[in-house]
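Please keep the sequence and the 3D view at hand while reading.

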Amino acid sequence: MTAYHLKLLAVGLMLIDHVGRLFFPQAHFMVAMGRSSFPLFAFLAATGEKYSKNIKGYLLRLILLGLLTQPIYAHFFQLLFEKDAPLNILFGLALGVVTLRLAKRLGRPLQKLAIILLFSGIAALVPVEGGLTTIPTIVVMSLFQNTLGWWLSYALLEMASVWILSYSPISLFSLCAPLFLIAYNGKQGPKTRLFYGVYPLHFLVLIGIYRLL
């Protein structure tokens with residue numbers, strides 16, 4: 001499985017999640033399937049930070065698309081939850097990329113931890129979608145290894161979000177996400193710059209269908 005296939009999978013799972021939430025609110029299995037989408041997006045963002053030859057351009061694309069998406073996302077969020085929306089996940093991914101890049105420039109583990117905690121706090125206070133766990137998820141996914149130690153770390157993060165932060169238990173289905181990463185072969189696959197552009201577009205399409213029904 002190439003990075004291109006992971007992108008398609010992440011988008012597909014996101015669509016299942018959002019279609020289920022908007023049109024089939026009782027179909028909890030669709031939301032459960034969608035819980036694996038963000039960890040995959042987090043892994044792809046971390047991979048982008050690692051291999052991008054133009055990190056400023058990568059960040060700029062995330063931020064500009066985040067700004068373009070926000071009013072559409074806010075409308076979609078209002079339809080689902082009838083309350084104000086946080087900043088959409090593209091801003092969270094951008095914060096995560098900045099966190100990873102700054103942490104790499106610091107030599108001491110405590111300094112790296114301080115950066116991670118700082119940006120986690122920013123993500124929670126702003127807030128961005130995912131809140132306090134957004135940055136830790138991106139950091140953990142950037143360190144992905146198919147080892148018992150890594151799996152335990154990821155499982156503890158997800159369980160803490162439920163037991164300490166009172167997230168819905170359905171979020172524990174995100175533990176399935178790394179199973180897809182095991183099949184990742186480290187290759188790019190077909191290149192496309194349209195990947196993140198699907199994000200605002202799918203909200204527009206879903207809102208349009210909802211208004212027509």
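Which residues of H10 are buried? In this predicted model, they are Tyr199, Pro200, His202, Phe203, Leu206 and Ile207. These residues lie on the same side of H10, because they cover an arc of only 160 degrees around the axis. Leu201 and Leu212, on the other side of H10, are exposed. The cover over the buried residues of H10 includes helix H1 (3-23), helix H4 (55-81) and helix H5 (89-105).

Helix H10 has 15 residues (residues 198-212), so at 1.5 Å a residue it should span 21 Å; the end C-alpha atoms are 21 Å apart, which agrees.

The pockets come next. Asp17, Arg21, Arg35, Glu129 and Gly130 lie nearest the centre of the largest pocket. Among the elements that give two or more residues to its lining are H1, H8 and H10. H1 provides the largest share of that lining, 6 residues.

In the second largest pocket, the residues closest to the centre are Lys7, Gly48, Ser52, Arg61 and Gln188. H1, H3 and H4 each supply at least two residues of this lining, and H3 gives the most, with 4 residues.

| Pocket | Volume | Lining residues | Division of the lining |
|---|---|---|---|
| Largest pocket | about 1,200 Å³ | 46 residues | 26 nonpolar, 14 polar and 6 charged residues |
| Second largest pocket | about 830 Å³ | 22 residues | 8 nonpolar, 8 polar and 6 charged residues |

Terms used:
Residues numbered from 1 in each chain as written. Predicted model: local features only at pLDDT ≥ 70, side-chain atom pairs only at ≥ 80, totals over all residues. Heavy atoms only, no water. Expected span 1.5 Å × (residues − 1). Buried < 20%, exposed > 50% of the residue type's maximum accessible area, 1.4 Å probe, protein only. Arc of directions from axis to C-beta. Contact = heavy atoms within 4.5 Å. 1 Å grid on protein atoms, 1.4 Å probe; cavity = no way out; pocket = protein on both sides within 12 Å on 5 of 7 lines; lining within 4 Å. Points joined across faces, edges and corners; volume = space filled by probe spheres on them. Nonpolar A, V, L, I, M, F, W, Y, C, P; charged D, E, K, R; others polar.
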